[in-house]
Amino acid sequence: MKQKIANQNHLERIKMILKKNNIKITNQRIEIINFLMSEKRHVKAEEIYRYLKDYGVGLATVYRNLEKLKSLGIITEINYGKERYFEMKLFSKKSIKIHMKCEKCDQIIDFYDDELSFFILKKKNFYEEQKNIKIKDVSLNMIGICEECENKEEEFNGKTNKT
Ligand SMILES: [Zn+2]
């Protein structure tokens, strides 16, 4: 229950940001934001497209909306090779994005590592000063095998070893 109220407040804040930037608050946009806020994992544009297909929203429109939300700092994009994932940036407590993508099942795992975040932030500030630049976003993308897939592999190997 509490979660829903919080999300409602978040949604109101996003609407205010859209208004301030003279962006129309359309049903499509609200549905896309709702989807991103309710999904715990990271979503691909295609997933939002599938979800909104019945509303007659095309994939190009989904991408256009995502780009707009990204430019406003509401969402952020994570790239793994050619694949693009999106997640909420606003209201996210993570200062540094640390992710691992499982190369077998494509799921993305979040890391919350204060120690590593602190170290990266320290380095970020150092380079900003040294090179006289402004770093807006830092992410650490790892590729590996998740626990589930690792277990499956072990099971499989175990079976083949027996025969
Ligand atoms: Zn996996």
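This is a predicted model: local features need pLDDT of at least 70, side-chain atom pairs count only at pLDDT 80 or more; totals for chains, interfaces and linings use all residues.
Conventions. I number residues from 1 along each chain as its sequence is written.

I looked up the strand order and found an open sheet of three strands, β4-β3-β5, with mixed pairing (strands are DSSP runs of E with at least two residues, helices runs of H or I with at least four, both numbered from the N terminus; two strands pair if DSSP finds at least two bridges between them). β4 (108-110) and β5 (139-144) stand at the edges with a single partner strand each, so one side of each lacks a neighbour in the sheet. I then followed β3 (residues 97-102), which pairs with β5 in the parallel sense over six bridges, and noted that His 99 has Asn 141 of β5 as its bridge partner.

Entry on the hairpin. I traced β1 (residues 75-80) and β2 (residues 83-88), which run antiparallel and are joined by six bridges, with Tyr 85 in β2 as the bridge partner of Ile 78. The two strands form a hairpin with two residues between them, and Gly 81 in the turn has a positive phi of about 60°.

I found Asn 22, with phi near 55°, in the loop between α1 (2-20) and α2 (27-38), and Asp 106, with phi near 70°, in the loop between β3 and β4. Asn 22 is exposed, with 6 other C-beta atoms within 10 Å, and Asp 106 is exposed with 12 (exposed is 12 or fewer other C-beta atoms within 10 Å, buried 20 or more, partly exposed in between, with C-beta atoms placed from the backbone).
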